[in-house]
Amino acid sequence: FPLCFEAAKNGWNNIFWIGPNNGKYNNPNLENNKEKYTSICDANNIICTSDANELTSCDIIFCIEGCGLNVLHPAMQAKKIALTYCTDFMFAYDNYINLVDFVVFPSENIACYYGKLSDKNLYCGSPKFDVVITDADEIKEKYKLTNDAHQCFALVLLPRTRDYQSVRTLL
């Protein structure tokens with residue numbers, strides 16, 4: 001949505017094409033999800049459609065990891081820009097790189113590390129990946145930790161609660 005809000009500020013109309021989905025938790029057609037995005041769309045003059053033909057008037061089409069590009073008419077002149085999602089690009093990138101004009105990555109380091117380099121890549125940055133606090137005093141201040149020499153702090157990484165039973169841990 002932030003991308004649409006910025007586009008609207010610059011006079012662009014926004015259309016959300018909602019295509020078939022696999023039924024996962026992120027399926028936009030699930031009733032709870034549909035209520036959420038339609039209320040935001042309605043409040044911000046964003047058109048929602050399941051008809052790919054309505055996209056023929058678009059100048060720019062954003063997609064997530066190339067999803068939906070298969071329904072676009074091959075002669076469509078719109079610029080096609082893929083946004084990467086988490087690490088899905090590791091498996092999907094090679095399937096859509098030749099179908100898009102640009103791919104937006106959060107970091108050039110990530111594209112380099114995974115060997116997904118192209119002149120089509122754009123690197124916008126992301127605080128999630130770019131801002132790393134390494135100074136111990138800054139970390140203690142940020143998380144209100146004490147400087148007690150007898151205290152020890154540890155970062156424990158665990159799977160999501162839903163996955164905990166299927167993962168072997170030492171805890």
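This is a predicted model: local features need pLDDT of at least 70, side-chain atom pairs count only at pLDDT 80 or more; totals for chains, interfaces and linings use all residues.
Me: Which residues touch the most other members of the largest nonpolar core?
Reply: They are I61, Y93, Y96, V103 and F105, in a core of 19 residues. A nonpolar core is a set of buried Ala, Val, Leu, Ile, Met, Phe, Trp, Tyr and Cys residues joined through side-chain atoms within 4.5 Å. Buried means under 20% relative accessible area, exposed means over 50%, and partly exposed lies in between (1.4 Å probe, protein chains only).

Me: Which elements give two or more residues to this core?
Reply: They are β3 (60-64), α3 (89-96), β5 (102-105) and α4 (108-113). The largest share, four residues, comes from α3. Helices (H or I, at least four residues) and strands (E, at least two) are DSSP runs, numbered from the N terminus.

Me: Which residues is I61 in contact with, leaving aside neighbours within four places in sequence?
Reply: I61 is in contact with L55, L72, M76, A78, K79, K80 and I81. Contact means heavy atoms within 4.5 Å.

Me: And which residues belong to the second core?
Reply: That separate core has five residues, including C4, Y37, C41 and I46.

Me: Now the surface. Which residues form a nonpolar patch there?
Reply: L3, W12, I60 and F62 do, with about 350 Å² of accessible area together. Such a patch is made of residues with over 30% relative accessible area and no salt bridge; like charges are joined within 9 Å, and nonpolar side chains (Val, Leu, Ile, Met, Phe, Trp, Tyr) within 5 Å. Accessible areas come from the Shrake-Rupley method with a 1.4 Å probe, and for residues only the protein chains shown count as cover.

Me: Where does I60 lie?
Reply: I60 lies in strand β3 and is partly exposed, at 35% relative accessibility. Leaving aside neighbours within four places in sequence, I60 is in contact with W12, A78, K79 and I81.

Me: Next topic: how many disulfides does the structure hold?
Reply: The structure holds zero disulfides, a disulfide being a pair of cysteine sulfur atoms within 2.5 Å.

Me: How many salt bridges are found?
Reply: A search of the whole structure finds two. A salt bridge is a side-chain nitrogen of Lys or Arg within 4 Å of a carboxyl oxygen of Asp or Glu.

Me: Which residue pairs with K9?
Reply: K9 pairs with E6, the closest N and O atoms being 3.0 Å apart. Both lie in helix α1 (residues 2-9), three residues apart, about one turn of the helix. K9 is exposed at 64%, and E6 is partly exposed at 43%.

Me: What about D94?
Reply: D94 forms a salt bridge with K116, with the closest N and O atoms 3.1 Å apart. D94 lies in helix α3 and K116 in the loop between α4 and β6 (121-123), so the pair ties together parts that are 22 residues apart in sequence.

Me: Is K116 buried or exposed?
Reply: K116 is buried, at 8% relative accessibility, whereas D94 is exposed, at 52%.

Notes
Residues are numbered from 1 along each chain as its sequence is written. Side-chain values use heavy atoms; hydrogens and water are left out.
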